[in-house]
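I opened my notebook to look up a few things in a new structure. Come along and check each entry against the picture.

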Amino acid sequence: PDGQRALERIAWAMAERVLFSAWQKALLYARALAPEMAPSVEGPEEAEGPLARVLSRTAQRVHAARLALDRLARGMGQPAPPTLRESLQRLRDLSRARNSARFIQRARALEAAGASAEIVAADVAALERVEQAGAFAEEAIAIRRYMSGATPGAEEEMGVDRLSILEQLTVDNLVAHPHVWPSVRSLFDWFRSRYQAAYRERHRVHHRQLAALKRRLDDEERKAEALARLNTLRELGAPLGGGALRSYGVLRREVRPCPAWRGGKPDLERTPVCPACRMTLVSEPPDERVESAIHRMDEALAAQHRRLSAQAIRRILAPPRGGRRLEKFLQVVQASDLAALADVLDDALVSFLRRLLQDAHAAVPAGGVLERLAQQFPVVEEAQVSAAVSAFNDLLRDALRDAKKGRRGAAGG
């Protein structure tokens, strides 16, 4: 029995010595978390209280830092550095130990994974930097959003300053070097003062140009309405200028001067663009789109006008229910304002004129009216339309007069 008790005392002493040695190693990790955990000749039981307080405080700090880091990463639109997340994860795992025995186990696990007490001390330093960055995270996020939307356009110097500030407004940089924040903030204030002056002047000029474009579009409203109405007439053929009308409608809704452009100044303290119109320094008035839409609309309207003129002439020249075809044709010739002859003189009309002039009651002299007209006007230009119509009228009257004389002579013989 005495020998058994002696062996038990020896085993107990050896266990205590092993535990004390393990605690001394674990204490290095505890001191990395909190320097006040000084080396002690006492065992883990005596350090239980101070260790619990250190672990609780560390767990709270790590939780808050993880939230701050996530918020900063989301706001910046950038991922947090993986090494930084690993540091916070190691601290989190270590701080979740419930007592000294568990702490010793976790310290051993870290040591086995190659994470020494010095690495944990570096993790704590990273935690402190995250805490510092978290203090100005919201402001940094707001500044980055402002800078992202503040496109300086042709202002080269402001463009360089903008890129310089954006390069510093990253998660990596702010967490690794939180001490640079005051200088970044000062650079932003200087940039914003110059940007606001340039923006307000551009805002004034831009919307003055938009006001002129709006008047230009308003002046074309009746043409657009006329083309739209003509397109409803199926008898004229397929609608024309549909794309031009759609573009015109879009531009009428889009080209609207900002309410703040006359004398007012847009508020640019929290947003880099005018809240009412969202103009940027690279925005340009849609001059070319406006002119293109109006030009295409004019072309379509002119084409529909030619269609309408031809249809109107065909109606006049059609066999009447009463009256004479010749009288109706003369109406066309005399109504030169209805359409240009060059636009309406198609094959069908020429064929009708030939039949008309070959009527049994009117013998047109050899050569024909149309042949004579073609000799006088081989090509009818726009400027010659009135002269061609007048010449055609004279030739036709002469031919009819000669035909009547011929009939009277034949009757007298």
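My entries below go from the whole chain to single residues.

**Entry 1: the whole chain**

I noted first that this is a predicted model. The chain holds 413 residues, and buried ones make up 38% of them. I then looked at contacts between residues at least 6 apart in sequence, and 72% of these join residues at least 24 apart.

**Entry 2: the nonpolar cores**

I wanted to know which residues have the most contacts inside the largest nonpolar core. They are Leu-33, Phe-103, Leu-169 and Tyr-195, in a core of 66 residues. Helix 2, residues 48-76, gives the most to this core, with nine residues. There is also a second, separate core of 18 residues, and I found Leu-217, Leu-227, Ala-244 and Leu-301 among its members. A reminder to myself: in soluble globular proteins, nonpolar side chains tend to be buried together.

**Entry 3: aromatic rings**

How many aromatic pairs are there? I wrote down five. I looked up Phe-136 and Trp-181, whose ring centres are 4.7 Å apart. Their planes are at 5°, which is under the 30 degrees cut-off, so this pair counts as stacked. Phe-136 sits in the loop between helix 5 (117-135) and helix 6 (137-149), while Trp-181 belongs to helix 9 (residues 181-219).

I marked Phe-191 and Tyr-195 as buried. The two also belong to one aromatic cluster, together with Tyr-146, Phe-188 and Tyr-199.

I went back to Tyr-195, one of the residues with the most contacts in the largest core. What does Tyr-195 touch, leaving aside its neighbours within four places in sequence? My list reads Tyr-146, Gly-149, Ala-150, Thr-151, Met-158, Pro-272, Val-273 and Leu-281.

His-203 lies in helix 9 as well. Is His-203 buried or exposed? Its relative accessible area is 2%, and the cut-off for buried is under 20%, so I put His-203 down as buried. Not counting residues up to four places away in sequence, His-203 touches Cys-258, Ala-260, Trp-261, Pro-266, Cys-274, Cys-277 and Met-279.

**Entry 4: two helices packing**

I turned to helix 10 (residues 221-230) and helix 11 (residues 242-254), which pack at an angle of about 140° with their axes 11 Å apart. Their crossing is left-handed. Which residues meet here? From helix 10 I listed Glu-221, Ala-224, Leu-227 and Ala-228, and from helix 11 Leu-245, Tyr-248 and Arg-252. Sorted by class, this contact has five nonpolar, no polar and two charged residues.

**Entry 5: a loop residue**

Last, I looked up Glu-36, and found it in the loop between helix 1 (2-33) and helix 2. Glu-36 and Val-54 are 18 residues apart in sequence, and their C-alpha atoms are 9.2 Å apart in space. Leaving out residues up to four places away in sequence, Glu-36 touches Val-54 and Arg-57.

How values were computed:
Residues are numbered from 1 along each chain as its sequence is written. This is a predicted model: local features need pLDDT of at least 70, side-chain atom pairs count only at pLDDT 80 or more; totals for chains, interfaces and linings use all residues. Side-chain values use heavy atoms; hydrogens and water are left out. Rings of Phe, Tyr and Trp (its six-membered ring) pair if their centres lie within 6.5 Å; planes under 30 degrees apart count as stacked, over 60 as edge-to-face and the rest as tilted. Helices (H or I, at least four residues) and strands (E, at least two) are DSSP runs, numbered from the N terminus. Buried means under 20% relative accessible area, exposed over 50%, partly exposed in between (1.4 Å probe, protein chains only). A nonpolar core is a set of buried Ala, Val, Leu, Ile, Met, Phe, Trp, Tyr and Cys residues joined through side-chain atoms within 4.5 Å. Contact means heavy atoms within 4.5 Å. Axes are lines fitted to C-alpha atoms, for helices over the stretch in contact, and angles run from 0 to 180 degrees between N-to-C directions. A crossing is left-handed if the near helix is turned anticlockwise from the far one by less than a right angle, and right-handed if clockwise. Ala, Val, Leu, Ile, Met, Phe, Trp, Tyr, Cys and Pro count as nonpolar, Asp, Glu, Lys and Arg as charged, and the others, Gly among them, as polar.
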